[in-house]
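Please look over the sequence and the predicted model shown here.

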Amino acid sequence: MRNKRMFYVLMAIVLVVPSFLVTANLNNHVEAAEDATGEYASKDEVVYATLSPNGDRQEVYVVNVFDVVEEGNIVDYGMYSNLKNLTDLSEIKQEEDKIELTLPEDKFYYQGNLDNAALPWDITISYLLDGNEIEPTELAGKDGNVEMKIETSANENVDPIFFENYLLQISLNLEPEIFDNIETEGGVIANAGKNKQVTFTVMPEQAGALGLKADAVDFELQAMEIAAVPQSMSIDAPDIDEMTGEMNSLTDAIGEISNGVGELNTGVSDLNSGVASLRDGSGQYLNGISEINGSSSGLIDASVAIDEGLAQINSSLSESSSEMDLSALKELPNGLSQLAEGLRQTADGLTKLNENYTAAYSSLDEAMVAIPEYEITKEEIEALKTSDADSEVVEKLLETYEATRKAKETYTVTKEAFEAVDPTLTEVSTSVTEMAKSMDTMATDITNSLEGMNVADSLEELQAGLATLSSNYKTFHAGLVSYTDGVGQLSSSYNEIHSGIVDLSGGTDELESGVDELDDGTDTLYQSTKDMPEEMQEEIDQMIADFDKSDFDAVSFVSAENEKVNSVQFVIKTESIEKQEQESNEEEEEEEPKGFWARLLNLFKN
């Protein structure tokens with residue numbers, strides 16, 4: 001039995017002594033490395049943080065990772081409250097924010113706790129149960145509709161380089177036994193095993209306003225995980241040649257519409273000027289025809305008097321010559337001269353009327369010819385309606401456009417009637433002038449006849465001539481009455497024509513004003529859209545530049561004095577929300593752990 005115990009003791013010594021030798025060799029290695037200056041290729045920092053369920057900071061520590069290429073002594077910086085070597089048993093020296101490390105050639109890890117360090121983001125998490133705000137500790141174990149609101153923003157007290165260049169990814173794992181009817185605001189829902197994973201992404205330089213709703217039973221929530229990494233990927237510019245080509249086609253079409261509206265505006269302006277001249281000439285024509293119509297009654301009265309005088313003379317000549325009174329015959333030439341003068345005035349009025357009519361008709365014809373022949377297609381009309389031009393002005397333009405085309409079509413149909421007025425008035429004026437000349441000749445002949453006439457010898461001849469004259473004059477008088485009736489009808493009818501021309505002038509005034517506004521609108525639209533493809537490319541380039549962080553160079557989160565920083569990552573977790581378990585009334589006795597020597601001595605008992 002004793003030999004057996006000695007065997008156990010020897011075996012224990014064999015097992016223990018090599019460990020002492022290894023420790024001694026390690027200490028010798030460290031002492032040798034402390035005399036040399038080490039070198040590392042790069043350093044990584046992983047910042048771990050825990051938050052309360054509301055987002056309040058609780059604990060922050062950093063794991064520093066060195067890629068050592070030459071063993072020896074190096075210096076790192078950080079205002080750590082506690083240090084822990086995660087690689088070996090070598091000592092880490094700290095003097096305020098200066099950390100001295102003796103590192104072997106390999107990866108080296110050490111941890112430092114930061115008591116007062118703030119994260120680059122302010123994170124606020126709030127909870128609502130059935131629409132009422134509730135503390136997360138009170139929410140555990142509850143049933144109902146739960147809403148979580150997560151807000152992130154820049155912490156103004158931390159270097160903004162992290163907020164400006166880091167992308168936040170927030171993940172929640174929701175157990176199907178607890179959560180149902182999940183809805184998110186700004187999140188993505190995916191399957192993660194049997195659970196549902198909700199992921200939110202917040203871009204650099206952006207504040208986050210995120211939300212989640214779900215029906216919960218016996219509420220509990222696993223820790224939220226928040227990862228923050230640099231958005232270092234480069235973004236390739238999309239190919240927008242096809243889009244810009246279509247935009248160029250659109251702007252070219254808008255330009256053509258603008259040019260067409262400009263030409264239309266010029267044509268409508270000419271039309272309005274022509275219609276205004278037509279209105280003025282029509283007014284003069286209306287005044288002239290009204291004056292002629294007003295003098296018609298006097299002309300008829302004079303003609304009746306002449307007719308009655310001729311009848312009276314003819315009747316007197318039929319009586320005995322001894323009883324005949326020829327004094328009335330001497331007044332006949334004067335009456336005929338007055339009638340001739342009246343006819344000349346009528347002829348002058350007709351001539352002036354014809355001149356005014358010709359001028360008015362010429363203006364009307366020019367105005368109608370000036371109306372453009374081209375048609376505005378349905379596609380162009382739809383383009384106008386969907387453009388930035390005033391819709392009310394566009395509707396007025398289209399109504400006026402249709403009315404103008406109808407007016408031109410009507411004018412084309414009635415143009416022959418308008419053209420017939422000029423020769424008719426010329427013919428009537430010439431006829432009236434010839435009638436006046438005939439009256440003057442008649443008056444002169446009667447006067448000459450009376451001066452050298454032998455009443456006794458020529459009485460029968462005179463009586464026959466006057467009888468013929470009286471009979472023919474009745475025919476003339478009937479024609480004169482018909483003429484004045486026609487002038488009266490023309491005056492009455494033309495009054496309506498003139499009213500229509502005045503209305504047309506008012507319409508073309510409004511049309512010119514509307515088309516002028518439309519011309520300004522389409523020109524403004526073209527000017528504002530002609531550079532749209534280039535502006536679109538510039539906007540896309542700017543957006544890509546805002547989100548392209550491929551040129552970002554990492555800096556230390558712990559201290560600005562740290563060098564060769566390759567990457568800095570943030571791993572943040574919130575506390576889970578769990579139901580409190582009831583404490584057991586029975587206290588379990590804890591077994592005191594046994595040390596190495598105690599366990600070794602136990603081998604020799606009994």
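## Cavities

The predicted model holds three cavities of 30 Å³ or more.

Two helices each put at least two residues into the lining of the largest cavity: helix 4 (241-318) and helix 7 (391-451). Helix 7 gives the most, with five residues. Sorted by class, the lining of this cavity has ten nonpolar residues, three polar ones and one charged one.

## The largest pocket

The largest pocket has a volume of about 370 Å³. A set of 20 residues lines it. Closest to the centre of the pocket are Thr400, Gly507, Thr508, Glu510 and Leu511.

Which helices each supply at least two residues of the lining of the largest pocket? They are helix 7 and helix 8 (455-529). Helix 8 gives the most here, with nine residues. The pocket lining counts ten nonpolar, six polar and four charged residues.

## Nonpolar cores

In soluble globular proteins, nonpolar side chains tend to be buried together. The largest nonpolar core in this model has 62 residues. Within this core, Leu221 and Phe570 touch the most other members.

What is Phe570 in contact with, leaving aside neighbours within four places in sequence? The list runs through Val47, Leu119, Pro120, Trp121, Phe162, Tyr166, Ile226, Ala227, Ala228 and Phe557. Another core, of 55 residues, lies apart from the largest one. Val275, Ile376, Val432 and Leu518 are among its members.

## Two serines

Ser90 sits in the loop that links strand 4 (82-85) to strand 5 (93-95). Is Ser90 buried or exposed? Ser90 counts as buried because its relative accessibility is 11%, and the cut-off for buried is under 20%. The side chain of Ser90 also makes a polar contact of 2.6 Å with the side chain of Asp88.

Ser431 belongs to helix 7. Ser431 counts as partly exposed because its relative accessibility is 36%, a value that falls between the cut-offs of under 20% for buried and over 50% for exposed. What separates the C-alpha atoms of Ser431 and Ala347? The separation is 8.3 Å, although these two residues are 84 residues apart along the chain.

Asp130 has a phi near 55°, a positive value in a residue other than glycine. Where is Asp130 placed? Asp130 falls in the loop between strand 8 (121-129) and strand 9 (132-133).

Asn181 is not a glycine either, and its phi is positive at about 55°. Asn181 is part of strand 12 (residues 179-185). With a relative accessible area of 49%, Asn181 is partly exposed. Asn181 does not count as exposed, because that class needs a value over 50%.

Notes
Residues are numbered from 1 along each chain as its sequence is written. This is a predicted model: local features need pLDDT of at least 70, side-chain atom pairs count only at pLDDT 80 or more; totals for chains, interfaces and linings use all residues. Side-chain values use heavy atoms; hydrogens and water are left out. A nonpolar core is a set of buried Ala, Val, Leu, Ile, Met, Phe, Trp, Tyr and Cys residues joined through side-chain atoms within 4.5 Å. Buried means under 20% relative accessible area, exposed over 50%, partly exposed in between (1.4 Å probe, protein chains only). Contact means heavy atoms within 4.5 Å. Helices (H or I, at least four residues) and strands (E, at least two) are DSSP runs, numbered from the N terminus. A polar contact is a pair of N or O atoms within 3.5 Å; within protein, one must be able to donate a hydrogen and the other to accept it, and residues adjacent in sequence count only if both atoms are side-chain atoms. On a 1 Å grid over the protein atoms alone, a cavity is a set of points where a 1.4 Å probe fits but cannot get out, and a pocket is an open set with protein on both sides within 12 Å along at least five of seven lines; lining residues have an atom within 4 Å of a point. Grid points are joined across faces, edges and corners, and a volume is the space filled by probe spheres set on the points. Ala, Val, Leu, Ile, Met, Phe, Trp, Tyr, Cys and Pro count as nonpolar, Asp, Glu, Lys and Arg as charged, and the others, Gly among them, as polar.
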